[in-house]
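Hi,

Here is the structure I promised to pass on to you.

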Amino acid sequence: MRYAILSDIHSNLEAFDAAEKDLQKEGVDKVFFLGDIVGYGPNPNECIERLRGLTDIVVAGNHDYAVIGYTDITYFNKYAMAVIEWTEKRLKEEYIEYLKKMPLIIPEIENMTLVHSTPYKPQEWNYITTLFDALENFNFFKQQLCFIGHSHQPVVIVLDADSRCYVERGETFKIRKDARYIINVGSVGQPRDGNADLSYAIYDSDESSARIKRLSYDIKKVQAKMRDERLPAYLIHRLEEGL
Ligand code: ZN
């Protein structure tokens, strides 16, 4: 079985479109989404509509819950907060209902756990930024693989049979039977690792391998739409920097 795992689309329809075309080319069997369909970008309604057509295996991100008042946004920066308010005003009723049905975590789907932030207290929206954070979180899911998003920075963290915890390098990697993994798939709609190309993961359970894919998309087009909607200049500019 081949899975595509996407996260953090953030109302960026151009990036979503490029990712969708690519995963169709890859011939994946199932698509999972790890949260933050809205926030930052100019096309929240269109992105939810498209996601609904693509998969029903989804979890919520902090921006999704922020728009419907399910989580506190006082810790959001002013740009993120401005777009949450902008999105709130434009979101169609049926898509508000859609966001309300998104679960925080899918603890068990085949050999995987799906969550936006962390398996430990996902409602607190913490980040896994160090191996120490990762090591703690390995105790809070039972499956072999945990797919996450939230930081917009792809990274693969391994816990091997000897309890060694380390970062796996390279675009493609083997999934070893005796190891467990936390895989951050990066962001489709707003990458932040210094690479402006969209990011998503493909997991092949037959071949026991996974891959983080990076692809270019029409950044200028989404930036033009954001300018038309008078979204914050900082958010428009950061797309081309990938930061
Ligand atoms: Zn996000």
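**What I found in it**

Let me start with a hairpin: β6 and β7 form one, with five residues between them. In its turn, Ser-163 has a positive phi of about 65°. Before we go on, please keep in mind that this is a predicted model.

**The chain as a whole**

You can count eight helices and eleven strands in the chain. Taken along the principal axes, the C-alpha atoms fill a box of roughly 55 × 35 × 30 Å. How does the radius of gyration fit with a compact globule? For 243 residues, such a globule would have a value near 18 Å, and the chain has 17 Å, which agrees. As for burial, 57% of the 243 residues count as buried.

**The sheet of six strands**

Now find the open sheet whose six strands come in the order β3-β4-β5-β9-β6-β7. Its pairing is mixed. Which strands sit at the edges? They are β3 (105-109) and β7 (165-168), and each of them pairs on one side only. From one strand to the next, the twist averages 20°.

If you want a pair to click on, the bridge partner of Ile-105 in β4 is Val-115.

On to β4 (residues 112-115), which pairs with β5 (residues 145-148) in the parallel sense, again over three bridges. Two spots to look at here are Leu-114, whose bridge partner in β5 is Phe-147, and Thr-113, which stands opposite Cys-146 in β5. Are the faces of β4 covered or open? Both are covered: Met-112 and Leu-114 on one side are buried, and so are Thr-113 and Val-115 on the other.

Next comes β6 (residues 155-159), where four of the five residues are buried, so the strand is largely enclosed by the rest of the structure. β6 is joined to β9 (residues 180-184) by five bridges, and the two run antiparallel.

For β8, the partner is β11 (residues 209-215): three bridges join them, and they run antiparallel. Thr-172 has Arg-211 in β11 as its bridge partner.

Have a look at Ile-96, which you will find in helix α5 (residues 93-100). Is Ile-96 buried or exposed? Its relative accessible area is 19%, and since the cut-off for buried is under 20%, Ile-96 counts as buried. Ile-96 and Tyr-65 are 31 residues apart in sequence, and their C-alpha atoms are 9.9 Å apart in space.

**The largest pocket**

Last stop: the largest pocket, with a volume of about 170 Å³. How many residues line it? The lining has 13, and those nearest the centre are Tyr-40, Asn-62, His-63, Tyr-127 and Arg-192. By type, the lining residues divide into five nonpolar, five polar and three charged.

How values were computed:
Residues numbered from 1 in each chain as written. Predicted model: local features only at pLDDT ≥ 70, side-chain atom pairs only at ≥ 80, totals over all residues. Heavy atoms only, no water. 1 Å grid on protein atoms, 1.4 Å probe; cavity = no way out; pocket = protein on both sides within 12 Å on 5 of 7 lines; lining within 4 Å. Points joined across faces, edges and corners; volume = space filled by probe spheres on them. Nonpolar A, V, L, I, M, F, W, Y, C, P; charged D, E, K, R; others polar. Pairing = 2+ DSSP bridges. Axes fitted to C-alpha atoms, helices over the stretch in contact; angles between N-to-C directions. Rg over C-alpha atoms; globule rule 2.2 N^0.38 Å. Buried < 20%, exposed > 50% of the residue type's maximum accessible area, 1.4 Å probe, protein only.
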